[in-house]
Amino acid sequence: PSPCPFLLPIPSPCPLLLHIPSPCPSRLCTSSLYHRYPPLSLSLVILPTPQAIREGVAQGHYFSVAPSVVRDSSQQLVVRSVPLDRIVLESDSPALGPVPGQRNSPDNLSLVLDTLAKLFDMDTSEVAKVTSENALRLFPKLKTRLRI
């Protein structure tokens, strides 16, 4: 039996969204997910440990950052361990907003950009450019949908 109950047969080359539970039942579970699934997969950054992030980065995975990073210093520490070229933004609406208990919306992505700019000591426009390029690499069909 698999050490991770979440492994599924995914033959498609499409990006796979991994929602790794917190805490994952075992370190082996996270490692199994990263080695099992294609490099074009995405994990919510608040869930993995820095070690799991290092493993995911080594395998080519991407990590999303939700607006809850604005209010959570522990998430900010984890985000700092992710290279910017592996980060994409997500609204995760209606949950994981910048204010606990308040409905989240995609408008809050600007707050994520501001927070990432501070964490990486970069200009907000440069963070927006890099994370947008990451999203287009991860989801190439967006180019045709957005007419880029």
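Reader: Where is Leu96 found?

Author: In this predicted model, Leu96 is found in the loop between S4 and H4.

Reader: How many residues apart in sequence are Leu96 and Val69, and how far apart in space?

Author: Leu96 and Val69 are 27 residues apart in sequence, and their C-alpha atoms are 8.5 Å apart in space.

Reader: Is Ser91 buried or exposed?

Author: Ser91 counts as buried, because its relative accessibility is 18% and buried means under 20%.

Reader: Which residues is Ser91 in contact with, leaving aside its neighbours within four places in sequence?

Author: With those neighbours set aside, Ser91 has contacts with Pro67, Asn104, Ser105, Pro106 and Leu109.

Reader: I would like the overall picture now. What does the secondary structure of the protein chain come to?

Author: The chain has six helices and four strands. Read from the N terminus, the order of its elements is β-α-β-α-β-α-β-α-α-α.

Reader: And how much of the chain is buried?

Author: Of the 148 residues in the protein chain, 41% are buried. The accessible surface comes to about 8,300 Å², and carbon and sulfur atoms account for 59% of that surface.

Reader: What share of the contacts join residues at least 24 apart?

Author: The share is 58%, taken among contacts between residues at least 6 apart in sequence.

Reader: Turning to the strands, which residues of S3 lie on each side?

Author: Strand S3 spans residues 62-65, with Tyr62 and Ser64 on one side and Phe63 and Val65 on the other. These four residues are all buried, and both faces of S3 are covered.

Reader: How many bridges join S3 to S4?

Author: Three bridges join S3 to strand S4, residues 87-89, and the two strands run parallel. One of the pairings involves Phe63, whose bridge partner in S4 is Ile87.

Reader: Which helix belongs with S3 and S4 in the β-α-β unit?

Author: Helix H3, residues 73-80, belongs with them, and the β-α-β unit is right-handed.

Reader: A change of topic: how many salt bridges does the count come to?

Author: The count comes to one salt bridge. Glu133 forms it with Lys129, and the closest N and O atoms are 3.1 Å apart.

Reader: Why can such side chains pair?

Author: Side chains of opposite charge can pair when their charged atoms come close.

Reader: Where do Glu133 and Lys129 lie?

Author: Both lie in helix H5, residues 124-138, at positions four residues apart, which is about one turn of the helix. Glu133 is partly exposed at 35% relative accessibility, and Lys129 is partly exposed at 44%.

Reader: Lastly, which residues form the nonpolar patch on the surface?

Author: The patch consists of Phe139, Leu142 and Leu146, which together have about 240 Å² of accessible area. Leu146 has its place in helix H6, residues 142-146.

Reader: Is Leu146 buried or exposed?

Author: Leu146 is exposed, because its relative accessible area is 51% and exposed means over 50%.

Note on methods:
Residues are numbered from 1 along each chain as its sequence is written. This is a predicted model: local features need pLDDT of at least 70, side-chain atom pairs count only at pLDDT 80 or more; totals for chains, interfaces and linings use all residues. Side-chain values use heavy atoms; hydrogens and water are left out. Patches are made of residues with over 30% relative accessible area and no salt bridge: like charges are joined within 9 Å, nonpolar side chains (Val, Leu, Ile, Met, Phe, Trp, Tyr) within 5 Å. Accessible areas come from the Shrake-Rupley method with a 1.4 Å probe; for residues, only the protein chains shown count as cover. A salt bridge is a side-chain nitrogen of Lys or Arg within 4 Å of a carboxyl oxygen of Asp or Glu. Buried means under 20% relative accessible area, exposed over 50%, partly exposed in between (1.4 Å probe, protein chains only). Contact means heavy atoms within 4.5 Å. Two strands pair if DSSP finds at least two bridges between them. A crossover is right-handed if, with the strands pointing away from the viewer, the path from the first strand over the helix to the second runs clockwise.
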